[in-house]
Amino acid sequence: MDVKALTRILFLYIPLPMFWALLEQQGSRWTLQATRMNRNLGFIVLQPDQMQVLNPLLVLIFIPLFDLVIYPLVSKCGINFSSLRKMAVGMILACLAFAVVAVVETKVNEMAPPQPGPQEIFLQVLNLADDEVKVTVVGDDNNSLLPESIRSFQKMPHYSKLHLKTKSQDFHFHLKYHNLSVYTEHSVEEKKWYSLIIREDGESISSMMVKDAENITTNGMTAVRFLNTLHKEVNINLGADISLNVGEDYDVSAYRTVQIGEYSAVRCKTEDDDFLLNLGLLNFGAAYLFVITNSTRQGPQAWKTEDIPANKISIAWQLPQYVLVTAGEVMFSVTGLEFSYSQAPSSMKSVLQAAWLLTIGVGNFIVLTVAQFSDLVQWVEFTLFSCLLLLVCLVFSIMGYYYVPLKSEDIQEPAAKKIPHIQENTINLETKNTKL
């Protein structure tokens, strides 16, 4: 009879792993989403994994709130809110949470820079000459990168998309500067970002092609690199034991990731001079290029441009999804354990706990499998999980509709018959204390 009662409950456990597949993504997919968001809340700057503190905090708030307020109100409305119905509602709340996650993910993706496709590149032009330059791609169409000439130290609004005929090819550019026409050639590869840097070369101009950042700020930090127009090598100290050397005459450093924040006085030195550079605010997820110039009487200055824009979606937009999934967890997990223990014989409660933990393990395995073999876009994957749990919730509701709950006296009856008459009073006292 004990085994029979256990198998009836284990049958209801079959759909449960899908709920855990969604819940356990708080520490993986949701944290990765937080790395691409602006974590500055004004009064505090959060780390991506610190948002997970909301889950246990909300659990402590929701358990008494549901038991003392929400459930009694539902009962007063004449609704029979059984344990299985509470678990089904918990699944629906988790579905809604992942629908919110998918919406937030689409908004984050809208702010992300576009990705070049096959036989495509993205190109921006940085004019470091002292006057405007007209840049034209020499080829079949002779397309201008911009309809107007590029002014000196003009910040480009966006990258221009260029199409390649093969995976890699040479591009020819026509640079019109004053009354001069300069032709230059550079080799590029598909699916890359490039900066065409125009510089003075005596009375004429020349150009150099530099490969830009490629998903270097996915961890949520900010990345910087420097272009040195001085005739001396510059050593730059960014603090926290981060320093780099930039060679003379338009040398470009590699990207270095640094902490976000205000960098108003960065110490720099050459072989015969020390000076400070004001880099301004380095924001979440951005990649910056700083051009060190000496065109003013105030000494070397840093001209700032963004290779990758900063994250603009606040991490506070993750709060609704945490509220929904935690409410679902309280209704599903707490109620599910309570229901299982009320239906299981005393001799099977440990086995039942092991089976409950096994459903959590299977849920994690589902997430691992989808992450390993799925090539879906992230917001589509979130939507897929939401739809799957909604389908599983429907199946669980049908199973719960036909489930006949066992009464407590039916569970205790077989064990009570085996109690010797001489120990009846003692055992009954122990049973009453256990129930209390």
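Me: In β3, which residue is the bridge partner of Phe-122?
Reply: This is a predicted model. Phe-122 belongs to one face of β1. That strand is joined to β3 (residues 160–163) by 4 bridges, and the two run antiparallel. In β3, the residue paired with Phe-122 is Lys-161.

Me: Which residue of β6 stands opposite Phe-122?
Reply: β1 also pairs with β6 (residues 192–201). There are 7 bridges between them, and this pairing is parallel. In β6, the residue opposite Phe-122 is Trp-193.

Me: How many residues of β1 are buried?
Reply: Take one side of the strand first: Glu-120, Phe-122, Gln-124 and Leu-126 are all buried. β1 is largely enclosed by the rest of the structure, because the buried count is 8 of 8.

Me: What is the average twist from one strand to the next in the open sheet β2-β4-β5?
Reply: This sheet has 3 strands with antiparallel pairing. Its edge strands, β2 (133–138) and β5 (180–189), each pair on one side only. From one strand to the next, the twist averages 25°.

Me: Which residue of β4 does Thr-136 stand opposite?
Reply: Strands of a sheet pair through backbone hydrogen bonds. β2 and β4 (residues 168–177) are antiparallel and are joined by 6 bridges. Within β4, the residue opposite Thr-136 is His-174.

Me: Is Asp-249 buried, partly exposed or exposed?
Reply: Asp-249 sits in the loop between β10 (243–246) and β11 (251–252). Its phi is positive, about 55°, although it is not a glycine. Most residues other than glycine have a negative phi. With a relative accessible area of 36%, Asp-249 is partly exposed.

Me: Is Tyr-250 buried or exposed?
Reply: Tyr-250 is also in the loop between β10 and β11. It is not a glycine, yet its phi is positive, about 65°. The cut-off for buried is under 20% relative accessible area. Tyr-250 has 16%, so it counts as buried.

Me: Which element gives the largest share of the lining of the largest pocket?
Reply: The largest pocket has a volume of about 1000 Å³. Of its 41 lining residues, the closest to the centre are Met-111, Ala-112, Pro-113, Gln-115 and Ile-308. Elements that give two or more residues are α3 (29–34), α5 (83–111), β1 (120–127), β18 (301–308) and α8 (378–401). The largest share, 5 residues, comes from β18.

Me: How many residues of the lining of the largest pocket are charged?
Reply: At least three lining residues come from each of domain 1 (1–112 + 325–407) and domain 2 (116–190). By type, the lining has 18 nonpolar and 13 polar residues, and the number of charged ones is 10.

Me: Which element supplies the largest share of the lining of the largest cavity?
Reply: The whole structure holds 1 cavity of 30 Å³ or more, and the space in the largest cavity is about 50 Å³. Its lining includes Ile-9, Leu-84 and Trp-356. At least two lining residues come from each of α1 (2–12), α5 and α6 (319–343). The largest share, 3 residues, is from α6.

Technical notes
Residues numbered from 1 in each chain as written. Predicted model: local features only at pLDDT ≥ 70, side-chain atom pairs only at ≥ 80, totals over all residues. Heavy atoms only, no water. 1 Å grid on protein atoms, 1.4 Å probe; cavity = no way out; pocket = protein on both sides within 12 Å on 5 of 7 lines; lining within 4 Å. Points joined across faces, edges and corners; volume = space filled by probe spheres on them. Nonpolar A, V, L, I, M, F, W, Y, C, P; charged D, E, K, R; others polar. Domains from an automatic or database assignment. Pairing = 2+ DSSP bridges. Axes fitted to C-alpha atoms, helices over the stretch in contact; angles between N-to-C directions. Buried < 20%, exposed > 50% of the residue type's maximum accessible area, 1.4 Å probe, protein only.
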